[in-house]
Amino acid sequence: MRPGASVPVLVSVLSAAPATAMTLEEAARTNLALAVSLCLAPAQDGPTRAAAFRAAGFAERVDRSAVNSDTTHFFTAPANTVTVELYCGEMPQDCRAKTGVLGVSEASRVIDQIVPQLYPQYQRKALQGPTDPATGQPALCVRYEQPGTEIPHVVGVIPGQDAAGCIENGTSVVFDATLV
């Protein structure tokens, strides 16, 4: 092996870990992108996806149902920049990444960078909300839908804190769900 041949592997391994030495917004953006990438990795069952979050350095708490196979994994990135809920069980797998640091427009930019690479056939839909006084720009909530199926897979962004509609409130939830 020639000197330096292992550097790309080391770099790719290091880039798959949650961010820690950045501004809070940079860390949240990096950790959200990592969480979304792990949520969307094609053809993974729940235990494999959960193992990927653990391997990437997310802290984990698990809730298991006492009456069926329902299991929800809760993962947290450093500095609580991003939390992830990964449901596996009786219903289709569901993965949600949440942040109280980035609003819907910034989270929409994150999924705009990831989803077209993983699912190029998905259709992008965008909803504009009211103007954010801090930026002077309208809030943007993006979603990608699997075309041509009765029960589509959807990846999208909504505001957190149970907000109604597409608004900038400094929070966002990226959801990965099958609409049943």
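**Entry 1: strand pairing**

I count two strands as paired if DSSP finds at least two bridges between them. The model I am reading is a predicted one. I began with strand S4 (residues 94–99) and strand S8 (residues 172–178), which are joined antiparallel by five bridges. For a landmark in this pair I noted Thr-99, which faces Ser-172 of S8.

I then looked at S3 and S4. These two are also antiparallel, again with five bridges. Here I wrote down Tyr-87, whose bridge partner in S4 is Asp-94. The link from S3 to S4 is a hairpin of five residues.

**Entry 2: the whole sheet**

I next traced the sheet from one side to the other. Eight strands make an open sheet, ordered S1-S2-S3-S4-S8-S7-S6-S5, and the pairing is antiparallel. Which strands stand at the edges? I find S1 (59–64) and S5 (123–131) there; each has a single partner strand, so one side of each has no neighbour in the sheet. From one strand to the next the twist averages 15°.

I also looked up what helix H4 (residues 104–118) lies across. The list is S5, S6 (138–145), S7 (153–158) and S8, and the helix runs at about 30° to S6.

**Entry 3: the core**

I asked how many residues the largest nonpolar core has. The answer is 38, and the residues with the most contacts inside this core are Leu-32, Phe-53, Phe-58, Val-84, Ile-111 and Val-174. I listed the elements that each supply at least two core residues: helix H2 (24–40), helix H3 (46–55), strand S3 (83–88), S4, H4, S6 and S7. H2 gives the largest share, eight residues.

I searched the whole structure for salt bridges and found nine. One that I followed up is Arg-29 with Glu-106, at 2.6 Å from N to O. Arg-29 is in helix H2 and Glu-106 in helix H4, so I have a link between distant parts of the chain, 77 residues apart.

I looked up the partners of Glu-145 next. Glu-145 counts as buried because its 17% relative accessibility is under 20%. Lys-125 is partly exposed, with a relative accessible area of 38%.

Glu-145 also forms a salt bridge with Arg-143, where the closest N and O atoms are 2.9 Å apart. I have Arg-143 as partly exposed, with a relative accessible area of 29%.

Note on methods
Residues are numbered from 1 along each chain as its sequence is written. This is a predicted model: local features need pLDDT of at least 70, side-chain atom pairs count only at pLDDT 80 or more; totals for chains, interfaces and linings use all residues. Side-chain values use heavy atoms; hydrogens and water are left out. Helices (H or I, at least four residues) and strands (E, at least two) are DSSP runs, numbered from the N terminus. Axes are lines fitted to C-alpha atoms, for helices over the stretch in contact, and angles run from 0 to 180 degrees between N-to-C directions. Contact means heavy atoms within 4.5 Å. A nonpolar core is a set of buried Ala, Val, Leu, Ile, Met, Phe, Trp, Tyr and Cys residues joined through side-chain atoms within 4.5 Å. Buried means under 20% relative accessible area, exposed over 50%, partly exposed in between (1.4 Å probe, protein chains only). A salt bridge is a side-chain nitrogen of Lys or Arg within 4 Å of a carboxyl oxygen of Asp or Glu.
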